Amino acid sequence: MNTHLSVNQLWDLAQTLSTDNRRWLADKLYQSVKAEEKEHLTPYTMEELNARIDEFEAELESGEQGYSLEEFDNRMRNKYRW
């Protein structure tokens, strides 16, 4: 017996449920996704954050990152035409 459903088949099946059951299913799916996301999120340590800041500041000083005020102004004027 094939127990694998395509996403479209699953959607069609969900449409046969009552509104309350679809809401329950949506809540369960949302909770499941949030729980998985939480497992994969690892907060940065203070050392990692400080290292990233130091790296960015070094890139700014060397000109690798960022724009001068004039470059920024030109980009904004061209993008938004003001």
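How far apart in helix H2 are Arg-23 and Asp-20? They sit three residues apart, so about one helical turn separates them. This is a predicted model. A search of the whole structure finds three salt bridges. Glu-59 has no salt bridge, although Glu-59 is buried.

- Helix H2 covers residues 19–40.
- Arg-23 pairs with Asp-20 in a salt bridge, and their closest N and O atoms are 3.6 Å apart.
- Asp-20 is exposed, with a relative accessible area of 58%.
- Glu-37 forms a salt bridge with Lys-34, with closest N and O atoms 3.6 Å apart.
- Glu-37 and Lys-34 are three residues apart in helix H2, so about one helical turn lies between them.
- Glu-37 is partly exposed, with a relative accessible area of 40%.
- Lys-34 is partly exposed too, at 40% relative accessibility.

- Helix H4 spans residues 69–80.
- Here Asp-73 forms a salt bridge with Arg-77, and the closest N and O atoms are 2.8 Å apart.
- The two residues, Asp-73 and Arg-77, are four residues apart, which means a separation of about one helical turn.
- Asp-73 is partly exposed at 28% relative accessible area, and Arg-77 is partly exposed at 36%.

- Glu-59 lies in helix H3, which runs over residues 46–62.
- The nearest side chain of opposite charge to Glu-59 is Arg-52, 9.6 Å away.
- A salt bridge needs the nitrogen and oxygen within 4 Å.
- Beyond its neighbours within four places in sequence, Glu-59 is in contact with Glu-64 and Gln-65.

Notes: Residues are numbered from 1 along each chain as its sequence is written. This is a predicted model: local features need pLDDT of at least 70, side-chain atom pairs count only at pLDDT 80 or more; totals for chains, interfaces and linings use all residues. Side-chain values use heavy atoms; hydrogens and water are left out. Buried means under 20% relative accessible area, exposed over 50%, partly exposed in between (1.4 Å probe, protein chains only). Lys and Arg count as positive and Asp and Glu as negative; His and the chain ends are not counted. Contact means heavy atoms within 4.5 Å.
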